[in-house]
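Good morning, and thank you for coming. Please look at the model on the screen while I go through a few of its features.

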Amino acid sequence: MIDAETQEIFRQETEALIESLQDALLALNKTPDDAELVTQVFRDLHTLKGTGAMFGYARLAEFIHDFEAAFEAVRSGNATVTPDLIAVSLKAYDLIVALLEGEEPPVERDAELKSALAAVTAGDAPAAASIDAPEPDVAEDGEVEAWILTFKLPPDFMEIGGNPIAMLDELIEIGGADTKVRALTDGLPALADLNPAEMHTGWEVILPGGASESDIMDVFMFHEDQMELSLKPVRKEKPAVQQDLREEELQPGAQQQEAEKKAAASDRKGGTAKVQMRVSAERLDDIMDRVGELVIAEARLTDLASKLGNSDLMEVVENIQRLALGLRDTTMAIRLTPVSSITGRFQRLAHDLAGKTGKDFDFVIEGEETELDKTVIEKLSDPLVHILRNAVDHGLEDSDTRIAAGKPARGTVTLSARYSGADVLISVKDDGKGLDPDFIRGRAIDRGLIGEDAVLSRSEIFALLMEPGFSTAEQITDLSGRGVGTDVVKSTVEGLRGSVEIESELGAGSTFTLRLPLTLAIIEGLLLQVGDERFTVPLAAVGGIVEQPEELKKGSEPTTVIELREELISILRLREIFECDGPTNEHPKVVLVETGGTQVGLAVDRIIGSYQTVIKQLSPMHSRLNVFSGATILGDGDVALIVDVAQLVRSQGLDNQNKEQAA
Amino acid sequence: MSKEILIIDDSPSVRRMVAMTLQQEGFEVTQAEDGAQGLETAKSKRFDMVITDQNMPNMTGIEFIQAYRNDPSSSGVPIIFLSTESEGNLKDQARSAGALGWIMKPFEQAKLLAVVNKVVG
């Protein structure tokens, strides 16, 4: 009965609500006195309850009712926000999420949490008290022979749009043909005082006992409080008309109605599952592939058309170009998701970790709006959970140790996401005790991961942490010992064509950085000419293009350092590195690209221009050529390799050099 | 001629759900996003019924009812007050402002239809 689009609007709305709710709860943990946050929680719960029930989430609504009552108690000053309340609320929040997602957690859980909520807001708070009146007992209905109903409507009843005749019709419908109606006119004023727009008549209605009390009361659902109303049952003991037959007729009908209701409810449930619009990643990949092919074909068409020089044809080609670009952007946008879609669970994790370890720390999230391919984001969740756990469990010291070390008692763990050229960097930084390279080295030797005389750079030593077999049982605690190991972090990230970088200073803290390509199948590239060859670098990584200074044109070593714009910059000569033949250019260029937080220059012969680069994976045979992230097919059918600048810099041994310079 | 109903609610899903439920039953439905917009719409023509939420930006449901009832054109137009507030006094406030009745959220489609049919049917 509820269509897909409504369901989707509902899903989006509740998603925003539960996020807002969790944020407010977590914020409340920090500033328990913030009345606005309490109101926020209350309001979110309210709306969730309301809309939830309308979309068939009866259990959810029923549970939230009590959850809400706890915060109503806080709002009205009958209870205060305590860490216990927040802890229970977060569990209650989990239940809400589970119920919204259509899971069916054990029903006892509701009661457990309800009483926990009531307990933490104890006192005179009406937390657990149900406001809803209990449903009238069906068994009792059977004993009723008849109902005597008398009522008098409020005087302005018709003025505000009410219809007394419709009400009587409804009562007759409920009671059937045996219903008796009598007007009570004793309240009528004298004719001279009578306002014809006002109601003064009362009624007495006698309905058969088979009518349900709640159906009758429903007729007056709005007006009970403003009117005179009495509904009295006439019990069987009293001599009254025999109604046995009638009851038997009615019972099966009622049962059938009940069955229909249930069927409708399960229909609704089935409907919920059906309308969830989920597209498999495979299909998206499929679309992306086709769009890629389209972009290549379009480039070829453009190439041919410009050779023919037919202006009519060019017009069509330009149109196709625009359409293909639009299609590409839309397709890519479908796949992009902001990092914030998973940060909520980290907020929560941080809160739980603080509770379990007893370590006091601030959890800061930066750059949530950074967008990544959806599949990448989903796969990142587990590795990040692991790194975060490690940061709190192994990284942060307890308050006493921190104070003794002259640090603030409260630690800080920062999760940040940002773009770096064509990559996205996601890092987890703590200001804890840092990593001890000597200790790691020693352990790696013990475990046989490296030889005793191995010469390793600092970053190579830290990288040992992620080798399978490095972590040992001694290190495993309740927190970090579960889930994926650090070696799995590495393999997951590398599976996404990314890398993990670890930086740490003993005593000052550590930073784990996941470097991930945007992994879009199509990127905006800058096409470069080096001799006879063409290469592409992601345009997003390009910081600028300058003429090659004279000093650079002379040398021929693959890498060098020159002063450019008053800064020392490492230059990579692509001609020498890739051993390209062919003519040079009179005005060669340097393309400045950013990688790993530093700028390097690529010396090239010519800039061809920006280019829609459809990334084609290199075959497994070429997988060791990691300085290329793929290849692309150009409009004329030639192939250009896509340079992975970070890998190129690493392959030339410039990354350590840079770090040493920085250090 | 089909009956025309105005629904005023800031929640898109509630609005849509109400509209859809009523449209399926052959009612004509006009939507407004808050009290102020609702007031403008309600005054622009005569509806057979107005359904309004309470908690909305710009103008709350009760404020809307008060303002609308000040306009003579509202005479005899039933207003149903929609709210998640469980406080009884809001109901009473809505009633004294001139609402015919209320539906407490949470409500189901069947309940909504029952009320609407009861009021305009």
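Which residues in H1(B) meet which residues in H5(B)? Met17(B), Val18(B), Met20(B), Thr21(B) and Leu22(B) in H1(B) meet Gln109(B), Leu112(B), Leu113(B) and Val116(B) in H5(B), where contact means heavy atoms within 4.5 Å. Helices (H or I, at least four residues) and strands (E, at least two) are DSSP runs, numbered from the N terminus.

Before going on, I note that this is a predicted model, in which local features need pLDDT of at least 70, side-chain atom pairs count only at pLDDT 80 or more, and totals for chains, interfaces and linings use all residues. Residues are numbered from 1 along each chain as its sequence is written, chains are lettered from A and ligands numbered from 1 in the order in which they are written, and side-chain values use heavy atoms, with hydrogens and water left out.

Ser420(A) stands opposite Asp423(A) in E9(A).

Finally, Thr536(A) belongs to strand E13 (residues 533-538) of chain A. Is Thr536(A) buried or exposed? Thr536(A) is buried, with a relative accessible area of 0%; buried means under 20%, exposed over 50%, and partly exposed in between, with a 1.4 Å probe and protein chains only.

Note on methods:
Two strands pair if DSSP finds at least two bridges between them.
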